[in-house]
Amino acid sequence: MQRVGIVGLGYVGLPLAVAFAEEGLEVIAVDVDHAKLASIAAGESYIEDVSSKRLGSVSERITATPRYAKLTKADAIVVCVPTPLTANREPDLGVLRDAGVAIAGVLQEDQLIVLESTTYPGTTRERLVPLLEESGMRAGHDFHVAYSPERVDPGRTDFTMRTTPKVVGGLTPACGDRAEELYAHVCDDVVRVSSPDVAELTKLLENIFRSVNIALVNELTLLCDRMGIDIWEVVDAAATKPYGFMRFDPGPGMGGHCLPVDPFYLSWRAREFDMATEFIELAGKINQDMPYKCVERVERALNDQAKAVRGARVAILGISYKPDVADTRQSPALKIIALLKRMGAEVAYHDPYVPELQSHLLRSAPYPELLEGADLVVILTAHSAVDHRLAVECGSAILDLRGVTRHMRAGTAARQ
Ligand SMILES: NC(=O)c1ccc[n+]([C@@H]2O[C@H](COP(=O)([O-])OP(=O)(O)OC[C@H]3O[C@@H](n4cnc5c(N)ncnc54)[C@H](O)[C@@H]3O)[C@@H](O)[C@H]2O)c1
């Protein structure tokens, strides 16, 4: 295996392209976004997990191009395009279809095509393969097909692509062999499963597991708030159990590109089999409702000071969907800010990773200056670069939805 094509150079595709290039493979990087292509060519990374230094050191092995025709020279093509939901929360495979049609037009005998985009079980076999077979060649005979889910966790440094086992399901055993050979370049442990369908559902199980557990701890947070119990003290105590418990922390809701989206791919698919996936729906409902519950807590925290939301100066810390990343996709902060502005609050925020929030016409304010004159400081995402002690010491009321200041506030009310 000498040349790999990557289609879709986003959070998943760019780290993969760099990893292959670092192992000495030639990479043909295809994307429709010309700004990204120009950045790759200039060795300037736009993804936090890939430094420009890393990208720059391999950029002569990466050809960034909008032309699918360049993929004719690749031994394998890995597809990492978006798989969002439609407005009606149904799978939107439009981009995958476009990519599949374009690849079919340049497909070569003996090439391996691997889908990495998260999707429902059956997509590779029922949706991608027929598109590729429009080339006149047969999958599993003239070319190879596999599915391998991406497990990238943006911002995580303790597990890398090399040390995170990679699940691979081939359309045939030979397809699986080829995919295993491909990923062995960048991964120490390739886990073979019997089909693309199994690999597709494996990824969804992983994400649904997180979604359900986040919903559970968020629901308990609401209950604890009513009961006057500190949820973080409960979670800390439960996490001392050495087996049978996995820690999930409360927060203002669920964000990112994956968890609010992927589970609904499965619930949609399940309907074809006369199944209602109730855990998925319930977790989605609870997590979606969290921003509204957070706004209620803002109202209460202001009310405790005899203040209304209208006209109140609310200083928000952290708006990306999780700590130490810049990604604001589906971040609960977006909904919370929109709701507070609609109620007449004067909202300002500080986030070292998000200089501006165009959708809300806001720019990140300097910190700690943001705290001056705030009626309420709301911690939505706790970035490690932000000194939250300054917020505790500024004297304004704090609504800490991440529990980062509770030990700093010993002797003061830890909950709102
Ligand atoms: N971001 C994550 O942490 C993560 C983790 C695991 C799985 N996934 C899954 O991986 C897939 C990609 O996610 P992402 O976060 O990298 O998305 P992304 O939006 O960051 O990147 C997708 C890229 O595809 C490009 N693209 C769009 N249409 C195209 C086309 N027709 N041809 C070529 N390129 C095209 C876009 O310009 C973009 O650069 C999704 O299915 C997602 O669910 C993402």
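Reply: Asp230, Asp236, Arg247, Asp249 and Arg406 are linked in a network of salt bridges, a salt bridge being a side-chain nitrogen of Lys or Arg within 4 Å of a carboxyl oxygen of Asp or Glu. This is a predicted model, where local features need pLDDT of at least 70, side-chain atom pairs count only at pLDDT 80 or more, and totals for chains, interfaces and linings use all residues. Residues are numbered from 1 along each chain as its sequence is written, and side-chain values use heavy atoms, with hydrogens and water left out.

Let's start from Arg247. Its closest N and O atoms to Asp236 are 2.8 Å apart. Arg247 sits in the loop between α8 (231-238) and α9 (262-271) while Asp236 is in helix α8, so this bridge ties together parts 11 residues apart in sequence. (Helices are DSSP runs of H or I, at least four residues; strands are runs of E, at least two; both are numbered from the N terminus.) Arg247 also bridges to Asp249, with the closest N and O atoms 2.9 Å apart.

As for cover, Arg247 is partly exposed at 35% relative accessible area, where buried means under 20%, exposed over 50% and partly exposed in between (1.4 Å probe, protein chains only). Asp236 counts as partly exposed at 30%, and Asp249 does too at 39%.

For context, the structure holds 25 salt bridges. One of them joins Asp110 and Arg178, with the closest N and O atoms 3.5 Å apart. There, Asp110 is partly exposed at 44%, whereas Arg178 counts as buried at 15%.
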